[in-house]
Amino acid sequence: MARYSYEYDKENGVSTCIITNKQGKVFVGMAQCHPDDMDMNSEYTGSSIAEMRAERAALRDMRDNEIIPELRALKELYGSMKHSKQFNPKSYENIMLQRMIRQKETELQDIRLLVSRQNQAIREFIFEKEKCYQGIRRHRAEAAQEQGQNKTNK
C-alpha cells in the first residue's frame with residue numbers, strides 16, 4: 001500500500017503531498033495558493049490539489065517506466081519471432097504473446113485515460129473552488145456594503 005504524507009506552509013500558501021509506493025518510489029505533488037486567493041488560503045484545498053498532482057505523477061511513472069517498456073519488449077519479441085523460419089502464427093506461444101500484447105495495449109490506454117481524467121479533475125477542482133471563492137467574496141462585499149449603509153442610516 002502506498003504511504004501518503006502532507007506538509008502545509010500557511011504563510012506561503014504551499015501544500016505538498018508525498019506518496020511513497022510499495023517499491024519505495026517517491027512522488028511529490030505541490031500546490032501554491034495564488035496571491036489573489038490568500039484570503040481563502042486553505043490547508044484542505046491545497047492538500048487536495050497536491051494529492052491529485054502526486055497521484056498523477058505516480059500514474060505517469062507507471063505508464064512510462066512499467067507499461068510502455070513491457071509493451072515494447074513484447075512487441076520486440078514478436079518481431080523477432082515472426083521472422084523465424086519455424087514461426088507458426090497458430091502456435092500456443094504466439095497466441096499467448098498476442099494476448100499479452102493486447103493486454104498491455106489496453107493497460108496503456110487505460111492509464112492514459114486515467115492521467116487525462118486526473119488532469120481534468122484538477123482543472124475542475126480549481127475552477128469550482130474559484131467560483132466558490134468569488135461567491136464568498138461577493139457576499140462579503142454585499143454584507144460590508146449593507147453594514148456601511150446601516151451605520152450611515154443611524
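This note goes through the predicted model point by point, from overall layout to single side-chain pairs.

1. Layout. The chain holds 2 helices and 3 strands. Read from the N terminus, the order of the elements is β-β-β-α-α. Strand E3 covers residues 26-32, helix H1 covers 43-82 and helix H2 covers 92-153.

2. Overall dimensions. The C-alpha trace spans about 100 × 25 × 20 Å along its principal axes. The radius of gyration is 25 Å, while a compact globule of 154 residues would have a value near 15 Å.

3. Burial and surface. Of the 154 residues, 29% count as buried. The accessible surface comes to about 11000 Å². Carbon and sulfur atoms hold 51% of that surface.

4. Contacts. Among contacts in the chain with a separation of 6 or more, 55% are between residues 24 or more positions apart.

5. Salt bridges in general. A search of the whole structure gives 9 salt bridges. Three of them are taken up in the next points, including two made by Arg137.

6. Arg137 and Asp37. These side chains meet in a salt bridge with an N to O distance of 2.9 Å. Are the two partners buried or partly exposed? Arg137 is partly exposed, at 23% relative accessibility. Asp37, with a relative accessible area of 13%, is buried, because the cut-off for that class is under 20%.

7. Arg137 and Asp39. Arg137 also forms a salt bridge with Asp39, and here the closest N and O atoms are 2.8 Å apart. Asp39 lies in the loop between E3 and H1 and Arg137 in helix H2, so this pair ties together parts that are 98 residues apart in sequence. Asp39 has a relative accessible area of 42% and is partly exposed.

8. Lys75 and Glu105. Another salt bridge joins these two side chains, at 3.2 Å from N to O. Lys75 is in helix H1 and Glu105 in helix H2, 30 residues apart, so the pair links distant parts of the chain. Both ends are partly exposed: Lys75 has a relative accessible area of 40%, and Glu105 stands at 32% relative accessibility.

9. Which residues are joined through salt bridges that share partners? Asp37, Asp39, Arg137 and Arg140 make up one such network.

10. Aromatic pair. The count of aromatic pairs comes to 1. Tyr78 is partly exposed with a relative accessible area of 24%, and Phe87 is partly exposed with 22%.

11. Nonpolar patch. Val26, Val28 and Met30 form a nonpolar patch on the surface. Together the three residues have about 270 Å² of accessible area. Met30 is in strand E3. With a relative accessible area of 47%, Met30 is partly exposed.

Note on methods
Residues numbered from 1 in each chain as written. Predicted model: local features only at pLDDT ≥ 70, side-chain atom pairs only at ≥ 80, totals over all residues. Heavy atoms only, no water. Phe/Tyr/Trp six-rings, centres within 6.5 Å; stacked < 30°, edge-to-face > 60°. Buried < 20%, exposed > 50% of the residue type's maximum accessible area, 1.4 Å probe, protein only. Salt bridge = Lys/Arg side-chain N within 4 Å of Asp/Glu carboxyl O. Helix = DSSP H or I, 4+ residues; strand = E, 2+ residues; numbered from the N terminus. Patch = residues over 30% accessible without salt bridge, like charges linked within 9 Å, V, L, I, M, F, W, Y side chains within 5 Å. Areas by Shrake-Rupley, 256 points an atom, 1.4 Å probe, with all protein chains shown as cover. Rg over C-alpha atoms; globule rule 2.2 N^0.38 Å. Contact = heavy atoms within 4.5 Å.
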